[in-house]
Amino acid sequence: MSALNSENCSFQYQLHQTHQLLDGNCLLFLIILGKILLNILTLGMKRKNTHQNFLEYFCISLAFTDLLLLVNISIISYFRDFVFLGIRFTKYHICLFIQIVSFTYSFLHYPVFLIACIDYYLNFSKATKLPFKCQKVCYFFTVILIWISVLTYVLGDPAVYQSLKAQNVYSHQCPFYIGAQGYWLSFSMVTILFMGFITSWSEVITLVQAVRITSYMNETILYFPFSSHSSSTMNSKKTLLPKLIICFLGTWLPFVLLQVIILLLKVQIPAYIEMNIPWLYFVNSFLIATIFWFNCHKLNLRDMALPVDPFVNWKCCFIPLILRNFEQIEKPISVIIC
């Protein structure tokens with residue numbers, strides 16, 4: 001009788017464990033599916049006539065990796081236990097794949113940020129003039145090299161190996177890695193943005209109060225009236241900073257507020273979610289504004305070689321124009337196309 005009770009308890013425990021794994025796998029599927037839909041929405045909303053750059057290629061590779069992860073999870077969840085190329089896959093491999101992807105994503109923030117900085121610096125300074133096809137090939141292989149290098153480092157790291165080994169021992173648990181690189185990059189960017197706003201808050205408020213909205217050449221534009229003698233100081237960092245802040249926050253204010261909430265509450269986000277395409281485009285806009293500010297004396301807004309942001313049109317910011325169709329504007333104005 002006791003043997004039967006023991007078998008029943010063991011069966012109930014296994015059934016409960018399997019039910020927990022299925023629930024966890026369904027939750028993972030929904031989370032990654034939501035991330036992929038967000039990737040598609042973000043890529044669909046961006047401007048199409050943008051110049052190729054490193055971050056554009058990396059965003060596409062990230063979207064492909066997320067899709068590949070979702071396909072693997074779907075196949076394993078459907079078949080549950082099967083052999084492919086001599087390797088047996090079970091439902092526990094779902095957690096293993098998530099762990100490997102989380103570790104890989106968590107180590108990508110710093111190298112991607114650094115290479116994007118170098119890419120924009122070289123493009124802006126025109127230090128290298130590669131043909132368009134050569135530039136695309138260079139971006140493609142750079143992205144592939146980053147993925148291979150980080151994945152090799154992750155699989156060869158003893159700490160990661162011990163974590164994955166512990167996952168095999170306690171297979172009913174699936175902990176998720178929380179990376180620090182994304183947190184500190186977000187903290188640095190939000191801090192710099194806050195310091196820039198505090199430094200020029202009076203100019204920002206004055207410009208916001210003077211802003212007008214109208215339509216010009218089938219596009220909605222914001223324009224700021226300024227006196228004609230101020231055009232001589234357009235290349236000043238002090239003059240350009242509040243305008244860059246307004247352009248940046250005009251597009252990314254909700255995302256900045258979200259970042260502030262996450263940082264203040266110290267929300268722990270799994271690495272496979274933290275590395276996402278909206279965050280990368282947020283970094284992209286921040287880098288472009290920073291490059292413009294540091295090189296304001298070299299700015300030529302009519303130069304088509306300037307980097308083009310998929311979400312913020314920096315090229316058309318603050319170009320002095322006289323628009324006759326506006327209601328009785330006698331002074332030149334500066335234009336921001338949103």
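The questions and answers that follow concern a predicted model.

Q: By class, how many nonpolar residues does the contact of H4 with H11 have?
A: H4 passes H11 in a right-handed crossing. The H4 side of the contact includes His109, Val112, Phe113 and Tyr120, and the H11 side includes Trp279, Leu280, Asn284 and Phe292. By class, the contact of H4 with H11 has no charged residues and two polar ones, and the number of nonpolar residues is 14.

Q: What is the handedness of the crossing of H3 and H5?
A: Helix H3 (residues 92-106) packs with helix H5 (residues 132-156) at an angle of about 120°, and their axes are 9 Å apart. Angles of 65 to 115 degrees count as roughly perpendicular and those over 145 as roughly antiparallel, and H3 and H5 are therefore oblique to each other. The crossing of H3 and H5 is right-handed.

Q: Which residues of H5 make the contact with H3?
A: The crossing of these two helices, H3 and H5, is right-handed. From H3, the contact is made by Ile100, Phe103, Thr104 and Tyr105. By class, eight nonpolar, one polar and no charged residues take part in the contact of H3 with H5. The residues of H5 in this contact are Trp147, Val150, Leu151, Val154 and Leu155.

Q: How many charged residues does the contact of H8 with H9 have?
A: The axes of H8 (residues 201-210) and H9 come within 9 Å and cross at roughly 60°, and the two helices are therefore oblique to each other. Glu203, Val204, Leu207 and Val208 in H8 meet Lys238, Pro242, Lys243, Ile245 and Ile246 in H9. By class, this contact has six nonpolar residues and no polar ones, and the number of charged residues is three.

Q: Which residues touch the most other members of the largest nonpolar core?
A: The largest nonpolar core has 63 residues. One of those that touch the most other members is Phe54; not counting residues up to four places away in sequence, Phe54 touches Val112, Ile115, Ala116, Asp119, Tyr139, Thr142, Val143 and Ile146. The residues that touch the most other members are Phe54, Phe58, Leu108, Trp252 and Leu280.

Q: Is Gln181 buried or exposed?
A: Gln181 is found in helix H7 (residues 181-199). Not counting residues up to four places away in sequence, Gln181 touches Ser106, Phe107, Leu108, His109, Tyr110 and Pro111. Because its relative accessible area is 13%, and buried means under 20%, Gln181 counts as buried.

Q: What is the phi of Lys266?
A: Lys266 lies in the loop between helix H9 (237-265) and helix H10 (271-274). With a relative accessible area of 62%, Lys266 is exposed. Although Lys266 is not a glycine, its phi is positive, at about 55°.

Q: What separates the C-alpha atoms of Leu33 and Val71?
A: Leu33 is placed in helix H1 (residues 2-45) and counts as partly exposed at 29% relative accessibility. Leu33 and Val71 are 38 residues apart along the chain, and the separation of their C-alpha atoms is 10.0 Å.

Note on methods. Residues numbered from 1 in each chain as written. Predicted model: local features only at pLDDT ≥ 70, side-chain atom pairs only at ≥ 80, totals over all residues. Heavy atoms only, no water. Left-handed = near helix turned anticlockwise from the far one by under 90°. Helix = DSSP H or I, 4+ residues; strand = E, 2+ residues; numbered from the N terminus. Contact = heavy atoms within 4.5 Å. Nonpolar A, V, L, I, M, F, W, Y, C, P; charged D, E, K, R; others polar. Core = buried A, V, L, I, M, F, W, Y, C linked by side-chain atoms within 4.5 Å. Buried < 20%, exposed > 50% of the residue type's maximum accessible area, 1.4 Å probe, protein only. Axes fitted to C-alpha atoms, helices over the stretch in contact; angles between N-to-C directions. Parallel < 35°, antiparallel > 145°, perpendicular 65-115°, else oblique.
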